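Let me put the model up, and then we'll walk through a domain pair and the ligand site.

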Amino acid sequence: MVMKPFAQFISLAEAQSAVQQVLPVPEREWVAPEQAYGRRLAESLAARTAHPSATESALDGIAARLEDTRMASEQSPVTLRGVGESRAGEAYSGEVGPGECVRIYTGAPLPSGADAICPVERLEFGAEGEVRLLAPARREDVRPLGDDFVAGDELLPAGVRLTPARVALAVAGGHAALPVRRRWRVVLLSTGDEVRAPGTPLNPGEVYDSNRYGLRGLLHECGAEVLDLGHAPDSVNDLAARLDAAGGADLLLTSGGVSMGRYDFMRDLLMERGEVTFWKVRLKPGGPTLLGRWNGLSVLGLPGNPVSSLVVFELLVRPALTGEELRTVRLRAAAPFAAAGDKVAFWRGELRGGEVAPYPKQSSGVLRSLSDARVLVRVDPGQQVQAGDELDVLLLD
Ligand code: AMP
Ligand code: MG
């Protein structure tokens, strides 16, 4: 057997960039605003119209000439003559002359001649259209045309995630369809003779397929389309058949079968019949992670250990799928954290009054450590972390 050379014991940064490279920016598609939540904008978006589209009132009240109202107070109200009304969707078409005012409502266009608003709370309405002002009108309660933006203004840069507020902004700017990046199509496969579907009986030594459900959820959070290939036993031929069924996807994510064991057949399959880009990252947990290819399909083999598979997803897959940096903050350690030899360690951490403490059990088989932890604490090789030291912490939620 001749094996092509591949990178081994690479750094986390090298692994991140290798995974990033197999997921270049996807092509553009157009979606309706209601389909755009959570998607990435494929190109920058400029306004097609001004917002507001006319100079308008910010309040319910009257529109008048500021000059006429300056002297108004509770002790000596100013009386104006009401000559009409302007409401949202139906402007007053005349001109507001000296001594006149127009009833106006929030969002209604300011009639010509008027330049200020007096709110309804400061008004008294008399007979025959008389309006008494208990305070001067204010220019601040006029919203100028284009106060938010005018046609041609950039509203959103390319690449941003479309939050509800950004979708609302795009719609306000006149967009009925939004250019977004196509969703990544990711295939998911669990491996292992001992792995069982939830709801089936479990014999000693077997384990429920928890990785699939953790990984599915993470893919969902990243906006990827998930194609679930189910579960394959530890057999090279079985795995090969499954991988053949995964064509057309951007990435195949597998769990299990990439470590040093005799029955780690994902590793054997890719080394012997496929291609391996790298195997083993100087990382704990998640060291045995493997990146390879099978008939043109990129395959990221995650270790089966439940904590490892989910942590590696956070470190390698989430940034590549979302194009976002890891969500890292600096926090103070409540207790010492160990380094892990030449590996960069990500310990599960608990937050205690603004400081971070290690979760008591750090085995990569202890799924509760990840479920309870809110953060992953990064400790680089050679870094000595004592209580009180500041360190980099990755936010999980
Ligand atoms: P492996 O990477 O295949 O050597 O598996 C390492 C450990 O992870 C073993 O204890 C497996 O039983 C466990 N494991 C493998 N696949 C899964 C899975 N899909 N869900 C939960 N645990 C798993
Ligand atoms: Mg296995």
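So, what distance separates the centres of domain 1 and domain 4, taken over C-alpha atoms? It's 25 Å. Those domain bounds come from an automatic or database assignment: domain 1 is 7-26 + 183-322, and domain 4 is 328-395.

Quick ground rules. This is a predicted model, with local features needing pLDDT of at least 70, side-chain atom pairs counting only at pLDDT 80 or more, and totals for chains, interfaces and linings using all residues. Residues are numbered from 1 along each chain as its sequence is written, chains are lettered from A and ligands numbered from 1 in the order written, and side-chain values use heavy atoms, leaving out hydrogens and water.

Domain 1 puts 13 residues into the contact and domain 4 puts in 18, where contact means heavy atoms within 4.5 Å. Together they bury about 1,300 Å², 74% of it on carbon and sulfur atoms; that's accessible area (1.4 Å probe) lost on being put together, summed over both. On the domain 1 side, Arg282, Lys284 and Val307 lose the most, together 42% of what that side buries.

Now the ligand. Ligand 1 has 18 residues around it, counting any with a heavy atom within 4 Å. Among the closest are Glu194 and Asp209. As for polar contacts (N or O pairs within 3.5 Å), ligand 1 oxygens sit 2.9 Å from a polar backbone atom of Gly257 and 2.8 Å from one of Gly304. At Ser210, a backbone N or O atom lies 3.3 Å from a ligand nitrogen.

Definitions and conventions
A polar contact is a pair of N or O atoms within 3.5 Å; within protein, one must be able to donate a hydrogen and the other to accept it, and residues adjacent in sequence count only if both atoms are side-chain atoms. Buried area is the accessible area (1.4 Å probe) that two parts lose on being put together, summed over both.
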